[in-house]
Amino acid sequence: MWNISKETLEVLDLSRNFLTGFDQHSVVLPWSRLHYVRLDSNMPQGPLPIPPPSTIQYSVSGNKLRGEIPPLLCNMASLMLLDLSSNNLNGRIPPCLANLSKSLLVLDLGSNDFNGENQFQGQLPRSLANCMMLEHLVLGNNQIDDIFPFWLGAVPHLKVLILGYNKFHGEMGSWHTNFRFPQLCAIDLSDNEFTSDLPSEYFQNWDTMKLTNVSNGLWYLQANTRIEMQGYTTNFPYNYSMTITNKGMQRFYEKIPDILKAIDFSGNNFIGQIPTYIGNLQGLHLLNLGDNNLSGPIPSSLGNLTQLESLDLSKNKFSGEIPWQLTRMTFLGFFNVSDNHLTGPIPQGKQFATFSNTSFDGNPGLCGTPLSRACHSPEAPPPTPSSSKEGSVSKFDWKFALMGYGSGIVIGISIGYSLTSWKHEWFVKTFGNRQRKWARIERMGLRS
């Protein structure tokens, strides 16, 4: 293979084979005009091979490559796609990647070992904010130790941001007009160490997530790189991919539908209440806030998320009743509020008729289908005579009092009053207060 003309080879795709090699020293690929290099899903175990500066797409994911990212990669000024995911690379992410700022669309360093025993570690280089063309940034499953990179909000075309399973910590910081994440479609901050309130200002301003796109066909997020070769232009599409928790399971999206909008903040220590502004993100399909320290009521504004397919609020400290407005979410296929402090009746109908007990476990105060605990209307104890005069009420009077409980308190009292006018004062005293109490209960029931 090495004898192929070094001046003419422009495309090299050896992915999905059983190739080995590169075991000792870093290899510089000898073909000076290479534009497209794919060595994915093979078995090399050495350091990263170095492509020539002419390279536009470079993907070596799913191998066993080890060592640090060599600075020579930063010399590829035309590079649009760099995928080094699912290897055994380590060390720090080199700041010189900012040299690719005029061209880089995709940077995928996920599932490596950037420090620790073998994982990327340290802080994100702030120079990545200069990559103004960047659309897809995947850094999940490493050991990156930093605060939330709010400065990436200045990257105008960033659509996918995957930072899960790292050591990001602290507060997310305040939203700023210069750091808006204006085109963000999917963000994964799961299994980090964030400790702040949920970012209400971001929820107010993530405009792309507010759009309820109706596509005329199935399209995917991708980078389309056009390469000039021997007098003609060839298009090399690259589908964006990510791994994110959906419907309670880790799911790998080999292709990301262009309408998919997702937020996964699970497995942190976010505190406080869910901001009502989250109801503005009406394009959301996936929302996972599980396994945090959130409290307060579940906001009824979540019912505005009519495109939502998966909602996980489990393992928090939410209290109060489940809002009936959530029954508006007619696409909801997964719902989990287990292990909270919720009370009252479970909403019925539509998608809620499809959820099992496990969606509601760990909330002793909840009742109704599908749980075995039935919801009982509160019953007032029978009146106890407080004086000898009131104790002389006849059996005939009690029959009409019981009619009030069985067929409506107002009707029962009206009949009893017409036939027992001589006990008018006793009825007013005994049942008047109860009538007001039952009216309050009925109004509370309507509000819930």
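**Ring tour**

Start by selecting Phe 265: with 0% relative accessibility, this residue counts as buried (under 20% relative accessible area; exposed is over 50%, partly exposed in between, with a 1.4 Å probe and protein chains only). A quick note before moving on: this is a predicted model, where local features need pLDDT of at least 70, side-chain atom pairs count only at pLDDT 80 or more, and totals for chains, interfaces and linings use all residues. Residues are numbered from 1 along each chain as its sequence is written, and side-chain values use heavy atoms, leaving out hydrogens and water.

Rings of Phe, Tyr and Trp (its six-membered ring) pair if their centres lie within 6.5 Å; planes under 30 degrees apart are stacked, over 60 edge-to-face, the rest tilted. That rule gives 15 aromatic pairs.

Now pick Phe 150 and Phe 179, an edge-to-face pair with 5.4 Å between centres and 80° between planes. They sit 29 residues apart, Phe 150 in the loop between β11 (143–144) and β12 (160–162), Phe 179 in the loop between β13 (169–170) and β14 (186–188). (Strands are DSSP E runs of at least two residues, helices H or I runs of at least four, numbered from the N terminus.) Phe 150 is partly exposed at 29%, and Phe 179 is partly exposed too, at 23%.

Phe 203 belongs to helix α1 (residues 200–205) and is buried, at 0%.

Finally, select Phe 148, Phe 181, Phe 194, Tyr 202, Phe 203, Trp 206, Phe 265 and Phe 270: ring pairs link them into a cluster.
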